[in-house]
Amino acid sequence: MTTPVVDQPLEDSHGRRINDLRVSVTDRCNFRCQYCMPAEGLAWMERDEVLTFEEITRLVSLMVSMGIEDVRLTGGEPLVRRDFPDLVAMLKATGVRDLSMTTNGYLLARHAEALVRGGLDRINVSIDSLQRDRFFELTRRDSLEQVLEGLNAIGAYPEIGPVKVNAVAIRGFTEDEVGRFCEFARSTDNQVRFIEFMPLDGDRNWDPSKVLTGNELRELIEASYPLIEKEREPSATARVFAFADGKGEIGFINPVSEPFCADCNRIRLTADGKLRTCLFSLNETDLLTPLRDGADNAEIERMIRVAVAGKELRHHINDIEFVQPERTMSAIGG
Ligand code: SAM
Ligand code: SF4
C-alpha cells in the first residue's frame, strides 16, 4: 500500500475541496425502479466500453494520491458486476480512507462475506417500501424478502459500520411508508434516510409536484415521533435527527428543496470512464480513451484537475431553464 502524498489539494475554482469520489462500476441493473430506469431497461454499454477493474484501480489510486479520501462504489447495481468483491479488495489496497458502496441488496446475502473480507468499510442499502406489494410496484421486482435477507446478512458483520437504508421519497407513495420506516429505524441499528426524488429518471416522468420534501416528511414524522436534530458533519448530504426518546435515527437528503451544492465535495466516474463533476453536469471528461491510448499519470492528473476546476457552482433543478441530463441516475452512478 502506498501512502498518498498530496502536493496540491484537489480544489475547484469556487474553493471547494474535493475529497469524495463516486464510481459507477456498471450501468446494468437487476431492478427497474420507476424513479430510475424504464421497465424495458436501457441500451447497456458494450462490455469493452466499461472500465476494467485494473483501469478503475489505476484511476482511483491516482485520485487517492491527489487527495480523494472517500470512495463509494455504485451503479447501476454494483453486485451484478462479476467478481465485484475482487474490485473491493483491489481498491482497498490503494490506501483509500473510506470505501463504501450503495446496493439494492438483492445479491447481498450471497456476497456479504466476500465484501467484508475485501475490506469494505460501509454500505447503504436502498429500500423504498417495507410492504411487499408496494416494493414490487416501485422496483418492478417482487424482491423485498431477498433484500431484507441481504440487509440481515451484512448487518451480522460488526466490521461494517451501521448500515444505512435509503428510500427515495415520492409524493403519493412514500407518505404511507413513513410509519413503518420509523418503527424499522427505531427497532434496528439501521439509520433510514429519505432522499428527495431528483430529475434523473429514465422514464422522464419527474416533475416538481412529485418531490415529497424532507421538511414535509419531517413534519409528518414529528406528528407521532418528536425528533432532535443532530449536528451536521461538514459536506454531509443528510440532515440527521435522533428520535427524542433515544431510540434510533432518521435522516433527510434534500438535494431539491435544500441544495447542498455550496459545500459539495464530490466528483463521479461513470462506468465508461467519464469524469462528471456534478450529478447534473451536461459535460463530461473522457478518461477512458487517454488511459487506453497510453497516457501517463501526469497527463491523466492534469485532465482531472482541469475538469475539477470547472466544477459547476450549483445545480439548476429549481430554475426555469433546467435541462435534465441525458444520462439517468443508473448510468451516472447515483
Ligand atoms: N442500484 C443501487 C441502488 O439502487 O442502491 C445503486 C445505484 S442507485 C442509482 C443509487 C441511489 O440512487 C439509490 O439509493 C437510488 O434509490 C437513488 N436514486 C436513483 N434514482 C433516483 C432519483 N431519480 N432521485 C433520487 N434518488 C435516486
Ligand atoms: Fe437499479 Fe438502483 Fe436504479 Fe433501482 S435505483 S433501477 S436498483 S440502479
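**View A. Asp83, a partly exposed residue in a loop.** Asp83 is partly exposed, with a relative accessible area of 44%. This view, like the others here, comes from a predicted model. Look for Asp83 in the loop that joins E2 to H2. Its backbone deserves a glance too: phi of Asp83 is near 60 degrees, a positive value in a residue that is not glycine. For context, most residues other than glycine have a negative phi.

**View B. Arg140, another residue with a positive phi.** Arg140 sits in the loop between helix H4 (132-139) and helix H5 (144-155). Phi of Arg140 is near 60 degrees, again positive and again in a residue other than glycine. Is Arg140 buried or partly exposed? With 23% relative accessibility, Arg140 counts as partly exposed; the cut-off for buried is under 20%.

**View C. The buried face of helix H2.** Helix H2 covers residues 84-92, and its buried residues are Phe84, Pro85, Leu87, Val88 and Leu91. Viewed along the axis of H2, these buried residues fall within an arc of 150 degrees, so they line one face of the helix. What lies over the buried residues of H2? The cover includes helix H1 (53-65), strand E2 (70-74), strand E3 (98-103) and helix H3 (108-118).

**View D. The surroundings of ligand 2.** Around ligand 2 you will find Cys29, Phe31, Cys33, Tyr35, Cys36, Gly76, Asn104 and Ser330. Sorted by class, this shell holds 5 nonpolar and 3 polar residues, with no charged residues.

**View E. The second largest pocket and its lining.** This pocket has a volume of about 300 Å³. Its lining is made by Thr26, Asp27, Arg28, Met45, Glu46, Arg47, Val50, Leu51, Phe53, Val80, Arg81 and Arg82. How many of the lining residues are charged? The lining divides into 6 charged, 5 nonpolar and 1 polar.

View F. Pro255 belongs to the loop between strand E9 (249-253) and strand E10 (266-269). Although in a loop, Pro255 is buried, with a relative accessible area of 6%. Leaving aside residues up to four places away in sequence, Pro255 touches Glu196, Met198, Phe260 and His315. As a landmark, Gln146 is 109 residues from Pro255 along the chain, and the C-alpha atoms of the two are separated by 29 Å.

Notes. Residues are numbered from 1 along each chain as its sequence is written. Chains are lettered from A and ligands numbered from 1 in the order in which they are written. This is a predicted model: local features need pLDDT of at least 70, side-chain atom pairs count only at pLDDT 80 or more; totals for chains, interfaces and linings use all residues. Side-chain values use heavy atoms; hydrogens and water are left out. A residue is near a molecule or strand if one of its heavy atoms lies within 4 Å of it. Ala, Val, Leu, Ile, Met, Phe, Trp, Tyr, Cys and Pro count as nonpolar, Asp, Glu, Lys and Arg as charged, and the others, Gly among them, as polar. Buried means under 20% relative accessible area, exposed over 50%, partly exposed in between (1.4 Å probe, protein chains only). Helices (H or I, at least four residues) and strands (E, at least two) are DSSP runs, numbered from the N terminus. The arc is that of the directions from the helix axis to the C-beta atoms. Contact means heavy atoms within 4.5 Å. On a 1 Å grid over the protein atoms alone, a cavity is a set of points where a 1.4 Å probe fits but cannot get out, and a pocket is an open set with protein on both sides within 12 Å along at least five of seven lines; lining residues have an atom within 4 Å of a point. Grid points are joined across faces, edges and corners, and a volume is the space filled by probe spheres set on the points.
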